Amino acid sequence: MSNLPNIQNFQSQRTMTSSSSSTSGRLGTANHQMGDDEHADSPLKNAALPTAAARPLSGAASEPAVILCIGMAGSGKTTFMQRLAASVNTAKKRGYIVNLDPAVGQLPFGANIDIRDTVNYKEVMKQYNLGPNGAIVTALNLFTTKFDQVLDIIAKRSSKLDYVVFDTPGQIEIFTWSASGAIITDTLAATYPTVIAYIIDTPRSTSPATFMSNMLYAVSILYKTKLPFVLVFNKTDVVSHQFAIDWMTDYEAFQAAAREDTTYMGTLVNSMCLVLEEFYNTLKVVGVSAVTGAGMDDFFNAVDDAVDEYNKDYRPEIDKMIREKKEAAERSKVASLDKLMKDMQVSTTGAEVDMDQDDRWDDEGEDDGDEAELDFQLREKQEEASFRRFAAKTAGGRGRTVPK
């Protein structure tokens, strides 16, 4: 399996243009469509974990706002992305589009960075023997290992950008609850003002049960990401989103709609609406039509308010978390070093030598010498006594006295 191509190699294929033509409805160059031949390279083989890119100065005027577009399949997220790119272009704003959906067939907008340029979704399915959802998760994981390159590319252009928009996979749980999705979200939030745009299918949400399901999903994403949140009710050209605003601001209005459903689901939804009342008070809600473009100005105003909220409330908390994490890592490093020094019985003042051990061995050596000396003296006395007995015996036979 060959290595994943370097993301920066594809930047020569994508340039940022500022065409004023409203008929194109696209940001950047002509739409880049990928065929099987263009995806010939296999997924990543030897990739390093992403590292944080150089962060712009806090609150800098040139700092772009990052918009993470999240929505269920069928919510009109892709069409909304197309309208968003066209609106940025029409408003003479500078935008940068990143596609994180590896399984999308065609994009109706131009993406400056496209995951499909880097990871072949079908090849992932084949090589890892995965189904569609498993292949999307794996492809996103592989792409995340090179996300530091994405950050570097954005950082080089950040002074010339107003918005950086990320399109996520339609399988909402793949991005919001996967490890790679958390890494991408947290890394972006630690680098730029980041806003979550949750796209909702307005016509389908006219049912209280479906509306409550969407709200619960929104709650889970909000508390998972802990970032400024904008609810985007799409397809308002089909059904107005006014009913949703009424349900979110008037408890009794939702109760009246929920009473029409006498099933267990209706009872459950009725009991949960009061729990989410506090949640509704903190949300920014807009209604848009991705087809007609209605409500896009309200959306950008909500994003600007969310960026101000990020700089005021979220960024200090994120800076605190980053600082605490660095301090914890430093403490862990010092503790590991101390443990290593203790294991080696080495201190910063030098190792102490136990002189008693040397004395002990020296004493033992002296004892051995004393014992040898005693043995020698004993043998000498024994030999002398033996010689005297021999001499006495010899002198007695000759009538001589043996000297003592």
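In this predicted model, Lys77 is in contact, once its neighbours within four places in sequence are left aside, with Cys69, Ile70, Gly71, Asp167, Thr168, Pro169, Gly170 and Ile199. The residue lies in helix 1, which covers residues 77-90. Because the relative accessibility of Lys77 is 6%, and the cut-off for a buried residue is under 20%, Lys77 counts as buried. Among the residues in contact with Lys77 is Asp167, and between these two there is also a polar contact, made from side chain to side chain at 2.7 Å.

Asp167 belongs to the residue range of strand 4 (163-167), and this strand is included in what covers the buried residues of helix 4. Helix 4 itself runs from residue 147 to residue 157, and its buried residues are Phe147, Asp148, Gln149, Val150, Leu151, Ile153 and Ile154. Besides strand 4, the cover over these buried residues includes strand 2 (95-99) and strand 3 (113-114), together with helix 3 (132-144) and helix 6 (179-189).

The aromatic rings were examined next. A pair of aromatic rings is described by the distance of the centres and the angle of the planes. The count of aromatic pairs in the model comes to 10. In one of them, formed by Tyr163 and Phe300, the ring centres are 5.4 Å apart and the planes stand at 50°, so the pair is classed as tilted. Since Tyr163 lies in strand 4 whereas Phe300 lies in helix 12 (residues 296-343), this pair ties together parts that are 137 residues apart in sequence. Both Tyr163 and Phe300 are buried.

Phe300 also forms an aromatic pair with Phe299, for which the centre-to-centre distance is 5.7 Å and the angle between the planes is 65°, an arrangement that is edge-to-face. Phe299 is buried, as is Phe300. Together with Phe80, the residues Tyr163, Phe299 and Phe300 form one aromatic cluster.

The C-alpha atoms of Ala209 and Gly266 are 6.8 Å apart in space, although 57 residues separate Ala209 from Gly266 in sequence. When the neighbours of Ala209 within four places in sequence are left aside, the residues in contact with Ala209 are Met265 and Val269.

Note on methods
Residues numbered from 1 in each chain as written. Predicted model: local features only at pLDDT ≥ 70, side-chain atom pairs only at ≥ 80, totals over all residues. Heavy atoms only, no water. Buried < 20%, exposed > 50% of the residue type's maximum accessible area, 1.4 Å probe, protein only. Helix = DSSP H or I, 4+ residues; strand = E, 2+ residues; numbered from the N terminus. Contact = heavy atoms within 4.5 Å. Polar contact = N/O pair within 3.5 Å; in protein donor to acceptor, adjacent residues only side chain to side chain. Phe/Tyr/Trp six-rings, centres within 6.5 Å; stacked < 30°, edge-to-face > 60°.
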